[in-house]
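Work through the exercises below with the sequence and the model at hand. Each task is followed by its solution.

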Amino acid sequence: MNKLFIVVSITLIALALSAPEDYVEPSIEDEEEIIVRSDGTSLKELPKLQPRPPFTLHDYSPKHAWITPLDEYSTFSSLLSTAYERAKVEYPDGEGRMRAEGVGYMWEYVLNPDYGEIDEEEMDIIDESVLSFRTSESLLSDSLPLNLGYLNKGTPYRTLLNLFHTLRSRRRSQQGRRRITTDDPSRDGLWEHEVEVDVPKQIKKGEKRRTLEFMD
């Protein structure tokens, strides 16, 4: 990884955006020297966040930005909780809960939080899944209040997790998608297009990555 050193006394050079892993450690050699990541932020600032690709999971680190999760179930649950908090602002029931009308908004945030490009078939799969879920759970009345405790377990949780799994598997099967094969356990078995914005999470001896599986 190249280290970029920009001195205050010179004109700052425009830096091309790159992944958040391009960071450097603070220097004590020169108090007037400003060390800048290649995303244009200094180490005194939070790194710029690259858009997460659709149907992928990422943990957040204030130092590195996105990192590859070791426990996808934990990451998925955290993302679901965040999506609910956002949806209940957009679709409030007046008592701190989300209305049923916000299910689609909430699910779309879990699946594609940074609004990456998705194709028409993927959008149809999402829309049909939302409608099927709301119908089967008797949630067609937009005004029905929903609690997070209902949505993050049982049938609602399983349905959304399976939808995520289906869409991620579909992307992985597309032409040109490549799985990483390497001696580095922090990257081996990952998919290039899913971790392009990540700093790999170092796997310690005895640790294993826990990945989402389809739930029957």
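**Exercise 1.** Decide how far helix H2 is covered, and by what.

Step 1. Helix H2 spans residues 103-111, and seven of its nine residues are buried, where buried means under 20% relative accessible area, exposed over 50%, and partly exposed in between (1.4 Å probe, protein chains only). Helices (H or I, at least four residues) and strands (E, at least two) are DSSP runs, numbered from the N terminus.

Step 2. The buried residues are Val103, Gly104, Met106, Trp107, Tyr109, Val110 and Leu111.

Step 3. Their cover includes helices H1 (72-90), H3, H4 (148-151) and H5, together with strands E5 (98-99) and E6 (145-146).

Two notes on the source apply throughout. This is a predicted model, in which local features need pLDDT of at least 70 and side-chain atom pairs count only at pLDDT 80 or more, while totals for chains, interfaces and linings use all residues. Residues are numbered from 1 along each chain as its sequence is written, and side-chain values use heavy atoms, with hydrogens and water left out.

**Exercise 2.** Find which residue pairs with Glu122, and state whether Glu122 is buried or exposed.

Step 1. A salt bridge is a side-chain nitrogen of Lys or Arg within 4 Å of a carboxyl oxygen of Asp or Glu; the count comes to 14.

Step 2. In one of them, Glu122 pairs with Arg170, with the closest N and O atoms 3.2 Å apart. The pair links distant parts of the chain, since Glu122 lies in helix H3 and Arg170 in helix H5, 48 residues apart.

Step 3. Glu122 counts as buried because its relative accessible area is 0%.

**Exercise 3.** Compare the accessibility of the two partners in the salt bridge of Asp142 and Arg134.

Step 1. The N to O distance in this salt bridge is 2.7 Å.

Step 2. Asp142 has a relative accessible area of 36%, so Asp142 is partly exposed. Arg134 has 12%, so Arg134 counts as buried.

**Exercise 4.** Locate His193 and list its contacts.

Step 1. His193 sits in the segment after helix H5 (154-172).

Step 2. His193 is buried because its relative accessibility is 13%.

Step 3. Neighbours within four places in sequence aside, His193 is in contact (heavy atoms within 4.5 Å) with Pro53, Arg171, Arg172 and Arg177.
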